[in-house]
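Student: I would like to go through a model feature by feature and learn how to read each one. Can we begin once it is on the screen?

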Amino acid sequence: MADIRNNFIGIKSPNPFWLASAPPTDKAYNVERAFEAGWGGVVWKTLGEEGPPLVNVNGPRYGAIWGADRRLLGFNNIELITDRDLHVNLREIKQVKKNWPDRAIVASIMVPCEEAAWKAILPLVEETGADGIELNFGCPHGMSERGMGSAVGQVPEYIEMVARWCKANTRMPVIVKLTPNITDIRFPARAAKVGGADAVSLINTISSITSVNLDNFSPEPSIDGKGSHGGYCGPAVKPIALNMVAEIGRDPETAGLPISGIGGITTWRDAAEFLALGAGNVQVCTAAMVYGFKIVQEMIDGLNNWMDEQGHATLDDVIGRAVPNVSDWQFLNLNYVTKAKINQDLCISCGRCHIVCEDTSHQAITQELDGKRHFEVIDEECVGCNLCVNVCPVENCITMEPLAAGELDKRTGEKANPDYANWTEHPNNPSRVAAE
Ligand SMILES: Cc1cc2nc3c(=O)[nH]c(=O)nc-3n(C[C@H](O)[C@H](O)[C@H](O)COP(=O)(O)O)c2cc1C
Ligand code: SF4
Ligand code: SF4
């Protein structure tokens, strides 16, 4: 059995699956039940400063996008940080940590961007015995209008400044949670590192409007006929999150900076992909909100089984393994040639591959043979784009087959070249460096 115990910046947990700061981690009742279900750790729902707790809307606060089978693909919320009293939360954190010493509890914090506010809350959190803090520089709605959340996360200088304040005023490890609502994620990550943060976590939610009610023309979720943008998460954001994690993992200025990966993680496979791209552990919100806490059991078993099958003994055998394979486009091998191939035994003759290749690709799939429906790739036309693979309703019915070295590419009339050659040296590149 693989060893999936996790040590993230010195914070230990029995597995790498933490619940992200959100409603699932809002109170002791939830967190205790999450730990019973098997979650390795939690980032407690974001705490605000002392004083009257803030208030949420009393109407609907969620929006969603569904696939044709009604499975939730994207999730949107206009919820704020915790609306419970700071001291109630602190008492509960202390008690839960006492009850579950082997699980990780990180406190998420968002207070005004003033040193005094951070100095005031840090000792209170430290006193609970929490394992670390996560600075919420990510929420794109509500709090950002008050100068917090993504309003801080969009300004690298502020990130650096607040991270520095926190490192100077607490012994707890500091994780900076980044907003994806920014053009280049490397700049806030670099700022977090320069400010002394022990790690970054990402992504928080993406600014979004999920739908508009066409009867009253109000964005959803509608509060008395008006809507405001919310934060988008769930499976739909996973590709964006993976790319951002990879960008930080391969940036020489942040290489080695520990990353807690978040965004659309629903299965063990999603988690393994984040780990492979450099995340030291993962956090989950939407999947727990949609399927309940027990979904972690599939994640734990699935990751264990896969690691056993592949011979990965510990998480360190997986973490970062895909980072060296993330490349800029210009370094991709232009001598690598593939052709689509249709498995006639699996094909149900729906014709979708023909339509898409005919209308929007390279007219490389037949639709008829001897007066009968028949779908076959015409190698002389196929450019290997794989659009047909992505629309075929039958899994593995169409595969992409690489040409062997020396094999004739019937489209170009050239033999497949086994040597690696990229755009920087291609004769068509006007700015290539001339060969000596
Ligand atoms: C209803 C809701 C409330 C959230 N509240 C917080 C919060 O208080 N603090 C925070 O850092 N992130 C908050 N998030 C963001 C999540 O922690 C997480 O970063 C995001 O949802 C992406 O992960 P997912 O795709 O697994 O949901 C919230 C998300 C949702 C859906
Ligand atoms: S890979 Fe692209 S070009 Fe080739 S058959 Fe499929 S859709 Fe057409
Ligand atoms: S899309 Fe797939 S199943 Fe449909 S005709 Fe093409 S190969 Fe066959």
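The dialogue below takes up the sheets, the helix pairs, the ligand shells and some backbone details.

Student: What kind of model is this?

Tutor: This is a predicted model.

Student: Which strands make up the closed barrel, and in what order do they run?

Tutor: Eight strands close the barrel in the order 3-4-7-8-9-10-15-16, and their pairing is parallel. From one strand to the next, the twist averages 25°.

Student: How many bridges hold strand 9 and strand 10 together?

Tutor: Strand 9 (residues 174-177) pairs with strand 10 (residues 199-202) in the parallel sense, over three bridges.

Student: What is the strand order in the open sheet?

Tutor: The open sheet has four strands, ordered 5-6-14-11, with antiparallel pairing. Its edges are strand 5 (62-66) and strand 11 (206-208), each of which pairs on one side only. Neighbouring strands in this sheet are turned against each other by 35° on average, with direction ignored.

Student: Now the helices. What describes a packed pair?

Tutor: Two packed helices are described by the angle between their axes and by the distance between those axes. For helix 1 (residues 28-37) and helix 2 (residues 86-99), the axes come within 10 Å and cross at roughly 20°. Helix 1 and helix 2 are therefore roughly parallel to each other. Their crossing is right-handed.

Student: Which residues make the contact between helix 1 and helix 2?

Tutor: Helix 1 contributes Ala28, Val31 and Glu32, while helix 2 contributes Glu92, Gln95, Val96 and Asn99. By class, this contact of helix 1 with helix 2 has three nonpolar, two polar and two charged residues.

Student: At what angle do helix 5 and helix 6 cross?

Tutor: The axes of helix 5 (residues 156-169) and helix 6 (residues 186-194) cross at roughly 25° and come within 8 Å. That makes helix 5 roughly parallel to helix 6. Helix 5 passes helix 6 in a right-handed crossing.

Student: What is the make-up of the contact of helix 5 with helix 6?

Tutor: From helix 5, Pro156, Glu157, Ile159, Glu160 and Ala163 meet Phe187, Pro188, Ala191, Ala192 and Val194 of helix 6. The residues of this contact of helix 5 with helix 6 divide into eight nonpolar, no polar and two charged.

Student: Next, the ligands. Which residues come nearest to ligand 1?

Tutor: There are 28 residues around ligand 1, of which Ala20, Ala22, Cys233, Cys285 and Thr286 come nearest. Strand 4 (41-47), strand 6 (72-77) and helix 9 (286-291) are the elements that give two or more residues to this shell around ligand 1. By class, the shell around ligand 1 has 13 nonpolar, twelve polar and three charged residues.

Student: Which residues come nearest to ligand 2?

Tutor: Of the 14 residues around ligand 2, the nearest are Ala340, Cys357, Cys382, Cys385 and Cys388. The shell around ligand 2 has ten nonpolar, four polar and no charged residues.

Student: And which come nearest to ligand 3?

Tutor: Cys347, Cys350, Cys353, Phe375 and Cys392 come nearest, out of 13 residues around ligand 3. By class, the shell around ligand 3 has ten nonpolar, two polar and one charged residues.

Student: Where is Ile203, and what is the peptide bond from Leu202 to Ile203, cis or trans?

Tutor: The bond from Leu202 to Ile203 is cis, with omega near 15°. Ile203 is in the loop between strand 10 and strand 11. The peptide bond from Glu220 to Pro221 is also cis, with omega near -5°, and Pro221 is found in the loop between strand 13 (218-220) and strand 14.

Notes: Residues numbered from 1 in each chain as written. Chains lettered and ligands numbered in written order. Predicted model: local features only at pLDDT ≥ 70, side-chain atom pairs only at ≥ 80, totals over all residues. Near = placed C-beta within 6 Å. Nonpolar A, V, L, I, M, F, W, Y, C, P; charged D, E, K, R; others polar. Pairing = 2+ DSSP bridges. Axes fitted to C-alpha atoms, helices over the stretch in contact; angles between N-to-C directions. Parallel < 35°, antiparallel > 145°, perpendicular 65-115°, else oblique. Left-handed = near helix turned anticlockwise from the far one by under 90°. Contact = placed C-beta atoms within 7 Å.
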